[in-house]
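The overall form is treated before individual residues and their contacts.

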Amino acid sequence: MSLLKITDLTQRFGGLTAVSDLQVDLEEGGLYGLIGPNGAGKTTIFNMVSGFYTPTEGTIDFDGTVINGKKPHSVTALGIGRTFQNIRLWHDMTVLDNIRLSQHYHLGYSVFEPFIRTKNYYSNEKRIEDKSMELLGVFNLQDIAQEFPKNLPYGIQRRVEIARALAANPKLLLLDEPAAGLSSADVVDLIDHIRWIHDNFDITIWMIEHQMEVIMNLCKYIKVIDFGKTIAEGTPDEIQKNPQVIKAYLGDEEEMYA
Amino acid sequence: MGKYQQKTIIIGGGILFALLLIMAQFKMIDLYVQSVIMFIGVNIIFATSLSIVNGYMGEFSCGHAGFMAVGAYVSSLMSVMLFTPDKATGLSVLPPSMSIYLFPVIIIIGGVVAGIAGLLVAIPSFKTRDDYLAIITIAVNFIIVTALNNMEVVGGSRGYMGMKKVIYGMEGIIKFPYMLFWVITFTIFAIFLIRRFITSTYGKGIIAIKQDEVAAEIMSVDTNHMKLVAFMFSSGLAGISGGLFAHVIGYVNPGSFSILKSTEGLVMVYLGGMGSLSGSVISAILFTILLEILRPLQILKWVIIPLMLILVMQFRPEGLMGDKELSDFFPKLKKYFKFK
């Protein structure tokens with residue numbers, strides 16, 4: 001069954017067409033890749049899917065709901081989680097609070113209950129706290145629950161960010177360059193980590209990545225874009241042999257010698 | 001935090017409060033000291049309410065005195081209109097004896113109206129932030145003060161008075177230091193509400209906005225909703241402080257709520273530390289006492305206070321407390337009171 005169906009998606013910023021006529025169809029439970037040279041429009045696509053930009057044209061259909069034009073927080077509530085290229089944790093808040101706050105869409109109490117502190121308030125806060133600690137436990141991060149993210153190593157920060165995205169119970173997880181800035185040892189860990197998340201959380205993952213090692217190891221189906229247009233799609237093997245992809249990444253041979 | 005310790009602090013605080021009231025009742029502390037205590041209370045509410053927006057949410061609102069003015073005028077008008085005898089008939093709208101019970105209601109209504117006025121800032125804050133929002137808040141301050149200056153119903157720039165009569169009326173029925181009681185009660189109430197808000201997962205949404213608004217929005221925090229709530233909550237409390245201020249002095253004029261008053265609020269918040277509730281409380285106390293101690297210096301005090309501010313900012317830019325609470329400095333206090 002298709003989980004995310006994007007048809008004729010176009011995004012223009014003034015005279016610049018960042019993404020044009022994009023078609024995407026993600027099946028539930030898959031692990032998909034999105035690659036392309038710098039400035040190809042990959043993050044723009046993620047920003048449209050997560051509700052940060054409103055597409056100029058086209059529709060984004062997620063799990064039977066058209067989500068373009070919706071605010072990011074309601075898109076998240078529908079079940080799309082994401083991480084950022086440059087880690088965007090709340091750095092002056094404990095790791096536990098970071099996880100806790102991404103369940104803000106589903107607190108289970110009204111605006112006035114924090115002031116009155118009803119039974120319902122306490123039971124829901126307890127539920128959120130328990131769930132957050134459980135999630136941290138699953139990620140083996142329970143020992144740093146009271147640490148501030150700014151004091152943690154980069155690799156751990158990545159894992160906290162992924163845990164935070166998962167706290168909102170997403171059906172689709174968008175990972176924007178999860179391997180950026182990681183050492184090669186950390187990258188190997190990350191590959192296992194993402195595969196493990198995919199197997200254990202019953203989730204669809206769509207990731208942008210520059211490191212081919214990550215993409216080719218993890219993804220079953222890859223889409224390549226350049227200048228906002230799809231230039232190839234297929235399995236890792238097909239992509240590696242595709243002349244257009246090689247051209248986009250390495251440049252045109254004739255052009256080079258011309 | 002054990003229940004036992006919490007009880008100790010409630011009982012201890014209650015005894016102190018009662019002792020203060022008894023001393024005021026039997027004139028053991030003079031009116032001047034009483035008025036200083038009341039100003040401290042008013043300033044604490046004002047500073048902590050501003051710290052919701054400037055400290056916790058990280059927006060820069062510098063027209064907070066405008067909301068104080070709204071609360072002050074609304075509650076003053078209500079109390080004077082309801083409880084002052086009409087010149088022709090000699091009767092007031094409601095019997096003066098009711099003022100004893102209705103006084104806190106009037107103050108809260110002033111706060112509610114100020115909270116609604118907070119929409120003037122909340123709605124623009126959806127689209128703009130930082131410097132641009134600061135300019136909007138200054139503009140709102142000017143709009144409110146200028147509007148009051150030109151409203152003849154409330155005395156225009158001459159100001160509005162008559163609240164003292166209402167208070168004397170209350171004291172005439174049963175002798176009791178009402179204002180002292182209500183100022184301290186509302187101060188405790190305000191701190192209590194802010195602390196509850198800020199310690200809930202719901203309220204922490206505004207701290208997420210401060211630290212990274214984009215991440216907050218993506219991680220399911222409805223930022224517009226949180227801004228609306230925070231601005232309305234903050235300006236509502238400022239309105240309460242304004243209502244109390246008006247009744248303590250017994251006289252209001254638009255000049256007392258100018259941009260200078262907003263600046264005083266900013267000074268208190270930044271001196272105490274951004275995002276520290278106990279910091280705002282401490283700096284409100286220090287600031288008010290300092291103003292009183294330096295009173296003999298007259299105009300010179302406006303040289304010395306800014307100078308001290310410069311020194312604090314130079315050597316401790318995060319403010320006295322930074323984003324820490326008292327319990328971070330004195331861990332033993334955690335036994336008695338959970339600060340966050």
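## Overall form of chain A

Of the 258 residues in chain A, 50% are buried. The model described here is predicted. The secondary structure of chain A amounts to eleven helices and ten strands. Its C-alpha trace extends over about 75 × 40 × 35 Å along the principal axes. A compact globule of 258 residues would have a radius of gyration near 18 Å, and the 20 Å of chain A agrees with this.

The contacts within chain A may be considered next. Among those between residues at least 6 apart in sequence, 66% join residues at least 24 apart. The surface of chain A may also be described by its atoms: chain A exposes about 11700 Å², and carbon and sulfur atoms supply 51% of that area.

Thr76(A) belongs to helix H2 of chain A, which covers residues 72-78. Is Thr76(A) buried or exposed? Its relative accessibility is 3%, and because buried means under 20%, Thr76(A) counts as buried. The side chain of Thr76(A) reaches the backbone oxygen of Ile218(B) at 2.5 Å. When neighbours within four places in sequence are left aside, Thr76(A) is in contact with Ala168(A) in its own chain and with Glu217(B), Ile218(B), Met219(B) and Ser220(B) in chain B.

## Salt bridges

How many salt bridges does a search of the whole structure find? Over all chains, the search finds 19 salt bridges.

| Pair | N to O distance | Relative accessibility |
|---|---|---|
| Lys5(A) and Asp25(A) | 3.5 Å | Lys5(A) 38%, Asp25(A) 38% |
| Glu152(B) and Arg158(B) | 3.7 Å | Glu152(B) 56%, Arg158(B) 59% |
| Glu213(B) and Lys227(B) | 2.8 Å | Glu213(B) 21%, Lys227(B) 1% |

In chain A, Lys5(A) forms a salt bridge with Asp25(A). This pair links distant parts of the chain, with Lys5(A) in strand S1 (residues 2-13) and Asp25(A) in strand S2 (residues 16-27), 20 residues apart. Lys5(A) counts as partly exposed, and Asp25(A) likewise counts as partly exposed.

In chain B, the side chains of Glu152(B) and Arg158(B) meet in a salt bridge. Glu152(B) counts as exposed at 56% relative accessibility, and Arg158(B) counts as exposed at 59%.

A salt bridge also joins the side chains of Glu213(B) and Lys227(B). Glu213(B) lies in helix H10 (residues 213-218) of chain B and Lys227(B) in helix H11 (residues 223-249) of chain B, so the pair ties together parts that are 14 residues apart in sequence. Glu213(B) counts as partly exposed, whereas Lys227(B), at 1% relative accessibility, counts as buried.

Salt bridges can also form a network. Asp97(A), Arg100(A), Glu129(A) and Lys204(B) are linked in such a network, which includes residues of chain A and a residue of chain B.

## A nonpolar patch on chain B

Which residues form a nonpolar patch on the surface? The patch is made up of Leu297(B), Leu300(B), Val303(B), Ile304(B) and Met308(B), which together have about 380 Å² of accessible area. One of these residues, Ile304(B), lies in helix H14 of chain B, which covers residues 301-315. Ile304(B) counts as partly exposed, with a relative accessibility of 31%.

Technical notes
Residues are numbered from 1 along each chain as its sequence is written. Chains are lettered from A and ligands numbered from 1 in the order in which they are written. This is a predicted model: local features need pLDDT of at least 70, side-chain atom pairs count only at pLDDT 80 or more; totals for chains, interfaces and linings use all residues. Side-chain values use heavy atoms; hydrogens and water are left out. Patches are made of residues with over 30% relative accessible area and no salt bridge: like charges are joined within 9 Å, nonpolar side chains (Val, Leu, Ile, Met, Phe, Trp, Tyr) within 5 Å. Accessible areas come from the Shrake-Rupley method with a 1.4 Å probe; for residues, only the protein chains shown count as cover. A salt bridge is a side-chain nitrogen of Lys or Arg within 4 Å of a carboxyl oxygen of Asp or Glu. Helices (H or I, at least four residues) and strands (E, at least two) are DSSP runs, numbered from the N terminus. Buried means under 20% relative accessible area, exposed over 50%, partly exposed in between (1.4 Å probe, protein chains only). A polar contact is a pair of N or O atoms within 3.5 Å; within protein, one must be able to donate a hydrogen and the other to accept it, and residues adjacent in sequence count only if both atoms are side-chain atoms. Contact means heavy atoms within 4.5 Å. The radius of gyration is taken over C-alpha atoms; the globule rule is 2.2 Å times the number of residues to the power 0.38.
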